[in-house]
Amino acid sequence: MLTLRQMRYFDALATARHFGRAAELAHVSQPALSAQIMEMEEHLGVKLVERSRGGVFLTGKGEDVLVRVRAILADVDRLEESARANSGTLEGRTRLGVIPTLAPYLVPRLIPYLRARYADIEIELKESLTDRLIADLGDGRLDAVVAALPIDADGIATRPLFSDRFFMAVAGNDRNVLMSPMTEEQVDISQLLLLEEGHCLRDQALAVCNTAGKRQLTSFGATSMATLLQMVANGMGMTLIPEIAIPSEAARNAIRIVPFADPGPAREIGLIWRRSNPRRRDMDALAEAIVDCARSISKEARG
């Protein structure tokens, strides 16, 4: 007999195409996930995946089964959502996606906050790029996403949460004294370090610095804010840093934070969920929790 657990593990494996990463997505050990996939294959009498050194590939039958599995899981998730709509606030499972330039700073505050106020919450987190999170939201694999607005997608509802101001981060021993507050015209784009393609913060940084002329942009694209700031601290350039990241990153990196002149650039952070989701009360409670946590971080950033 097939189980929902096996189907969820198979869905995770099809998403990650790697047993180790799939186990992380499913919050289980790799051997446990592998054993459930083998049992699923034995029950169906077909091979669902091909295992190789390069990763995992779905067989033709595996692709067919995946379509049916995801449809079943979507129906189950809708059933759970409908049932939870009549339960208490933030009871049971809530699957939240957060973009990488928010997650390291917001999540360590948010999870204890939620658990302290909603004892029956079961929070599941996913950190990924905006496009992937919105795709998972639309497919029913997430209940809500925290990301920078606006979001261009069908069937979603959004709620603005807070404005996250941008600052410029330079090396603490940088001999080039930048005016404080600085203007966007003062940004030397040839020294600007950016996240790799796909990160919304990369696009936001380019938008902030679009008046800085057409000098050549540094080609290196980092995969995380932590990497960027390590490079900045070692004198390799400068980068935009969101206010929510300042308390953590300024404490562990030899950097100087330079504000922009008013009105400074900022990104609008919002909560996104499916318009069809009946858990509006839960979304409101989650939004208020995020706003409270962001407000406390902002106070630290401003000293």
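Which residues are linked in a network of salt bridges? Arg-8, Asp-77, Arg-93, Arg-95, Asp-143, Arg-279 and Asp-282 form this network. The model is predicted: local features require pLDDT of at least 70, side-chain atom pairs count only at pLDDT 80 or more, and totals for chains, interfaces and linings use all residues. Residues are numbered from 1 along each chain as its sequence is written, and side-chain values use heavy atoms, with hydrogens and water left out.

**Figure 1. Salt bridge between Asp-77 and Arg-95.** The N to O distance of this pair is 3.1 Å, a salt bridge being a side-chain nitrogen of Lys or Arg within 4 Å of a carboxyl oxygen of Asp or Glu. The two residues connect distant parts of the chain, with Asp-77 in helix α4 (residues 60–84) and Arg-95 in strand β3 (residues 92–98), 18 residues apart. Helices (H or I, at least four residues) and strands (E, at least two) are DSSP runs numbered from the N terminus. Asp-77 counts as buried, at 5% relative accessibility, and Arg-95 counts as buried at 4%. Buried denotes under 20% relative accessible area, exposed over 50%, and partly exposed in between (1.4 Å probe, protein chains only). In total, the structure holds 22 salt bridges.

**Figure 2. Salt bridge between Arg-141 and Asp-11.** The closest N and O atoms of the pair are 4.0 Å apart. Arg-141 lies in the loop between α6 (130–138) and β5 (144–149) and Asp-11 in helix α1 (residues 4–16), so the contact ties together parts that are 130 residues apart in sequence. Arg-141 is partly exposed, with a relative accessibility of 24%, whereas Asp-11 is buried at 9%.

**Figure 3. Salt bridge between Arg-252 and Glu-249 within helix α9.** The side chains meet at 2.9 Å, N to O. Both residues belong to helix α9 (residues 246–252) and are three residues apart, about one turn of the helix. Arg-252 counts as exposed, at 52% relative accessibility, while Glu-249 counts as buried, at 0%.

**Figure 4. The largest pocket, with a volume of about 750 Å³.** Among the 30 residues that line this pocket, Ala-12, Leu-25, Ala-26, Glu-124 and Arg-141 are the closest to its centre. On a 1 Å grid over the protein atoms alone, a pocket is an open set of points where a 1.4 Å probe fits, with protein on both sides within 12 Å along at least five of seven lines; lining residues have an atom within 4 Å of a point. Grid points are joined across faces, edges and corners, and the volume is the space filled by probe spheres set on the points. Two or more lining residues come from each of α1, α2 (19–26), α4, β3, β4 (121–127) and α6, and α1 gives the largest share, seven residues. The lining comprises 11 nonpolar, four polar and 15 charged residues. Ala, Val, Leu, Ile, Met, Phe, Trp, Tyr, Cys and Pro count as nonpolar, Asp, Glu, Lys and Arg as charged, and the others, Gly among them, as polar. Domain 1 (2–81) and domain 2 (88–160 + 265–300) each provide at least three lining residues, the bounds coming from an automatic or database domain assignment.

**Figure 5. The second largest pocket, with a volume of about 230 Å³.** Of its 17 lining residues, Pro-100, Glu-127, His-199, Thr-223 and Ser-224 lie nearest the centre. The elements α5 (103–117), α8 (225–233) and α9 each give two or more residues to this lining. Seven nonpolar, five polar and five charged residues make up the lining.
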